[in-house]
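Hi,

Here is the structure we talked about.

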Amino acid sequence: LSDSRMEENNVKELNQLSISYNRMLERLSDAFEVQRQFTANAAHELRTPLTLMQVQLDLYNSSGHPGNDEDTLQTIKMVTEQSDRLNKMVKTLLDMSELQTVGRDDKIMIAAVVEEVLVDLEPLAQEKNIRLIGKCGDITMMGSDILIYRLVYNLVENAIKYNHLGGQVTVTVCRKEKQVSLSVEDTGSGIPEELKERVFEPFFRVDKSRSRELGGVGLGLALVREIVRVHDGRIAIKSKPAGGTIFEVIL
Ligand code: ADP
């Protein structure tokens, strides 16, 4: 074949490849959309009976439950706890399905977001006598302020929940060239090396019963990973030799 024929063939092949690649992408994005819609619909449907159940339970619990024996009270307490857990799960699933549609053009002052999270989580930290420290430069970035609040909140909440009594949580925000680095460091139990990727999977927990005791439903880090993804960032977990974990987010 002459050089020009070969070139023509190459161009044709490349065009073919690019058409099938685009078709594949379209199909993938349709599949994601169907899945997203399914999660959103399922979460909406689950919310209605759950809210009704919770209203009844709240009414009952505020009535002082006259004339009931210890066993019944225990049962009601358990049902209330489980319906709270379900509620948390349904809310997080809804949040996850709505991520794509949230605007991401807020000008965010990260130090203010971190400060807000630390104030909101101070009561939880006090229960375990944990010190919360924020070290934030004067940095702004574009994104969704609601989602970035949620990201920092989930990481700091975990850093408190899985920490030891009297421990410490440090949130550091600094600029790394054109990017923003946000790290949340704790003095807790740490995460085993081989599970570092898995903790971001929905419903995965290193210790299921401990997480349940602490009110966890296993969706916090899955949501964090999605928030990082929609902001074109990345997240990594580092262990500290002396014990404890560092979550580093680059945005
Ligand atoms: P949960 O609701 O169980 O806290 P997450 O998705 O937030 O769910 O976290 C998943 C699991 O990762 C937790 O159950 C816990 O085992 C582990 N984990 C998360 N953050 C930390 C941390 N800072 N230190 C130790 N383990 C952690």
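**Pockets and ligand**

The second largest pocket has a volume of about 550 Å³. Keep in mind that this is a predicted model. Of the 19 residues lining that pocket, Gln35, Arg36, Met96, Glu226 and Arg229 are the closest to its centre. Helix H1 (3-62), H2 and H6 each supply at least two lining residues. H1 has the largest share, with six. By class, the lining has nine nonpolar, five polar and five charged residues.

Now the largest pocket. It holds about 770 Å³ of space. Its lining counts 35 residues, and Asn158, Lys161, Tyr162, Gly220 and Leu221 are the closest to the centre. Two or more lining residues come from each of helix H2 (70-98), H4, helix H5 (208-213), H6 and S7. H4 gives the largest share, seven residues.

Where does the ligand sit? The space it takes is the largest pocket. Helix H4 (145-161), helix H6 (220-230) and strand S7 (245-250) each give two or more residues to the shell around the ligand. H4 gives the most, with three. In total, 21 residues surround the ligand, and the closest are Asn158, Tyr162, Asp186, Ser211 and Leu221. Ten of the shell residues are nonpolar, eight polar and three charged.

- Asn158, polar side-chain atom: 2.9 Å
- Lys161, side-chain N or O atom: 3.0 Å
- Gly218, backbone N or O atom: 2.9 Å

The protein covers 96% of the 540 Å² of accessible area that the ligand has on its own.

Best wishes

Notes:
Residues numbered from 1 in each chain as written. Predicted model: local features only at pLDDT ≥ 70, side-chain atom pairs only at ≥ 80, totals over all residues. Heavy atoms only, no water. Near = heavy atom within 4 Å. Polar contact = N/O pair within 3.5 Å; in protein donor to acceptor, adjacent residues only side chain to side chain. Areas by Shrake-Rupley, 256 points an atom, 1.4 Å probe, with all protein chains shown as cover. 1 Å grid on protein atoms, 1.4 Å probe; cavity = no way out; pocket = protein on both sides within 12 Å on 5 of 7 lines; lining within 4 Å. Sits in = over half its atoms within 2 Å of the grid points. Helix = DSSP H or I, 4+ residues; strand = E, 2+ residues; numbered from the N terminus. Nonpolar A, V, L, I, M, F, W, Y, C, P; charged D, E, K, R; others polar. Points joined across faces, edges and corners; volume = space filled by probe spheres on them.
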